[in-house]
Amino acid sequence: MRTSTGARAGQYAALLAYLVFLAFPFLWLISTAFKPPQELAGLHPTWIPRDPTLDNFRQAFDEQPLLRAALNSLVAALGAALIAVVIATPMAYVMARHRSRLTRAATGWVVVSQAFPFVLLIIPLFLVLKNLRLINSVPGLVMVYVVWSLPFALWMLAGYVRAVPPELEEAAAVDGAGRLRTLVSVTAPLLAPGIVATALFAFITAWNEFFFALVLLKTPEKQTLPVILTHFVGAEGVADLGPLAAAAFLATLPSLVVFALIQRRITGGMMAGAVKS
Amino acid sequence: MRTRTATLLVSLALLLAGCTDGGGDSADGRVTLRFQSLAWQEESVAANEELVREWNATHPDVRVEYVQGSWESVHDQLLTSFEGGEAPDIIHDASDDLADFAHGGYLADLSDLLTERLKADIPQRTWETVTFGDGVYGVPFLQEPRVLIANAGLLRTSGVRIPTPERPWTWTEFRQVTKELSGDGRYGVAWPLKEPVSATLNLSLSTGGRLFHRGADGRVTVRFEEADQVVPRTIHDQANTDHSASATTLGSGGSDTLPGFFAGKYAMVPLGFAYRQQIEQQAPDGFDWQVLPAPAGAEGLDQGVSPQTLSIAEDSPHKEEAAAFVDFLLQPDNMVRLALGDWMLPTGTEALKDPALHTSEHGWATGTALAAHLRSAPAQSVRGYPEWKDKVATPALQEYYSGAIGIGELRGRLEDDGNLVLARYQR
């Protein structure tokens with residue numbers, strides 16, 4: 001089983017190449033955000049801006065309400081993530097532990113619902129939200145995001161529940177723990193990485209979502225970041241590249257920060273030591 | 001149990017039905033109109049917002065709310081808003097996007113709403129871009145010709161004749177000039193043809209190309225005749241025979257050609273008139289550029305355009321107030337402000353007389369001289385055009401320009417495949 005030095009070097013090289021591939025767009029975005037217009041139009045692009053400027057950021061903030069849009073995005077994404085996991089966790093538990101024809105049908109429906117195109121959903125959704133007076137409101141958008149991310153969250157969490165050995169719950173029951181106590185003290189801690197991962201999924205999905213926000217939010221003070229970013233793009237795809245890159249760079253930061261803060265919770269070995277060997 | 005569920009559902013439905021919006025009237029009788037603008041450049045947004053402020057200051061009973069829209073997904077966004085009865089009262093869009101909305105009954109017919117001043121100010125050929133059937137569904141207010149942006153230094157040193165709107169290059173002359181300007185790693189022209197169909201069709205009006213022919217029964221068929229072939233042949237030959245056009249930019253957008261243009265790699269780039277703003281902003285210090293008219297054919301400098309438009313939603317309860325606002329926005333002085341903000345041409349004849357649009361700086365005078373030659377884009381009212389464009393014409397023209405197929409194959413695909421597509425829309 002020992003890996004040779006050559007194979008290990010190859011693995012690291014492949015990993016490095018993959019990281020470079022993933023990081024390239026983000027690094028290019030940062031570089032673009034700090035370049036003046038003349039440098040953006042240079043024939044030989046440079047990694048490090050020769051004459052770095054903050055003008056793109058100034059222009060982006062001057063032209064569009066970026067801070068307010070970021071706040072709207074944050075509220076929508078956090079709200080959606082929180083509500084989605086609160087609803088999905090007990091449902092996923094039932095789907096995973098109590099296999100019946102009904103839960104199998106529900107799982108099938110969850111998978112099928114992922115295939116619906118947005119345009120099919122948007123008009124009925126629009127009408128429902130309009131009648132509820134939730135058009136042009138962030139709570140209305142949160143509702144849509146919850147409904148939208150719920151099927152996948154449910155599916156994802158059900159997988160995590162199945163990974164928790166039922167024997168642990170049975171052992172707790174044998175030790176005299178009631179149903180609720182077992183769920184709270186035994187199952188929930190083991191599910192924590194799954195819940196965090198699901199919340200992260202729902203957060204990032206909502207943070208980046210464009211189409212529903214575009215259609216449902218009408219006034220600039222309610223719009224989210226992805227919608228505001230399109231205001232830097234004109235007819236036939238002409239773009240104000242510098243300010244667009246600056247705003248897009250700022251828009252990626254919260255996702256990165258949230259991910260950096262909680263990624264250890266996802267990858268951490270919460271299951272370690274749960275089962276006696 | 002079943003009765004209780006049914007009662008609950010009916011109650012919910014009634015509750016939903018009862019919660020409809022009350023429209024744009026306030027308790028004191030004041031009207032609020034929502035104006036969705038697609039202006040996106042700093043100067044253009046500022047001009048729009050300023051005009052809305054001026055209107056609100058002088059019209060206390062009809063308040064206009066400025067709503068920033070975006071060109072991205074505007075069609076889907078409007079369609080959803082129309083279906084949901086939540087469309088803005090005043091809608092900014094492009095004329096080639098209006099046909100479906102007009103046929104769908106979402107836009108108000110403006111024939112009786114517009115003032116005689118505005119009707120008379122805009123030429124009939126421009127009104128044709130927004131006329132569908134017997135109705136007029138938008139006011140065209142800004143438009144841009146396709147022009148040649150040239151490296152003035154290269155042009156001067158080459159000694160070629162500099163064209164003017166009065167004495168433009170013919171297509172044959174243009175091909176010859178691009179050959180003369182090529183060499184030493186430089187191309188005479190870089191065609192940005194990521195979207196080859198509208199560019200080809202619109203420029204082909206200059207050679208008498210029509211492509212779409214409406215029969216006596218109203219049905220449209222595609223015929224790729226001799227006059228339609230002049231522009232595509234020129235581009236094809238420049239790229240594949242003379243090598244005076246860069247083959248790599250054929251799949252690029254306009255902005256992608258600018259770095260090579262600034263670096264002197266291309267002597268000319270055919271672009272929309274509004275691209276001058278980007279060129280002015282991004283050109284290196286001392287870079288000397290100028291605006292030339294596109295080449296002329298049998299029909300002179302004619303070319304097709306799809307102007308930017310202002311429409312009024314059919315569902316708007318305040319169509320007359322909305323029309324009054326449109327009239328205010330498009331007063332000659334205001335139209336000039338909007339045009340300068342967007343680096344485009346106003347459609348109004350009075351606005352076009354403004355001295356600010358006749359200065360040689362940034363090529364304004366050349367563009368303004370072309371205004372009289374702008375016509376409705378050939379595909380404007382052809383149902384099925386978007387599908388024909390995406391499925392048939394775009395790949396066929398791309399293959400032709402790259403040299404993969406010849407003119408015979410191109411003709412066959414545009415006509416045979418194209419007519420099958422259009423026939424489905426005309427049954």
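Reader: How many residue pairs are in polar contact between chain B and chain A?
Author: Four residue pairs, with both residues at pLDDT 80 or more. A polar contact here is a pair of N or O atoms within 3.5 Å; within protein, one must be able to donate a hydrogen and the other to accept it, and residues adjacent in sequence count only if both atoms are side-chain atoms. Keep in mind that this is a predicted model, where local features need pLDDT of at least 70, side-chain atom pairs count only at pLDDT 80 or more, and totals for chains, interfaces and linings use all residues. Residues are numbered from 1 along each chain as its sequence is written, chains are lettered from A and ligands numbered from 1 in the order in which they are written, and side-chain values use heavy atoms, leaving out hydrogens and water.

Reader: Which parts of chain B touch chain A?
Author: β2 (62-68), α3 (74-83), α11 (254-262) and α12 (276-282) of chain B each supply at least two residues. Helices (H or I, at least four residues) and strands (E, at least two) are DSSP runs, numbered from the N terminus. The largest share, five residues, comes from α3(B).

Reader: And how many salt bridges cross the interface of chain B and chain A?
Author: The rule finds zero. It asks for a side-chain nitrogen of Lys or Arg within 4 Å of a carboxyl oxygen of Asp or Glu.

Reader: How many residues does each chain bring to the contact?
Author: Chain B brings 37 residues and chain A brings 33, with contact meaning heavy atoms within 4.5 Å.

Reader: Switching to chain A: why does Ser255(A) count as buried?
Author: Because its relative accessibility is 12%. Ser255(A) sits in helix α12 (residues 241-267) of chain A. Leaving aside residues up to four places away in sequence, Ser255(A) touches Phe203(A) and Trp207(A).

Reader: Last one! How much helix is there over residues 12-30 of chain A?
Author: That span is 100% helix and 0% strand, with its end C-alpha atoms 26 Å apart.

Conventions
Buried < 20%, exposed > 50% of the residue type's maximum accessible area, 1.4 Å probe, protein only.
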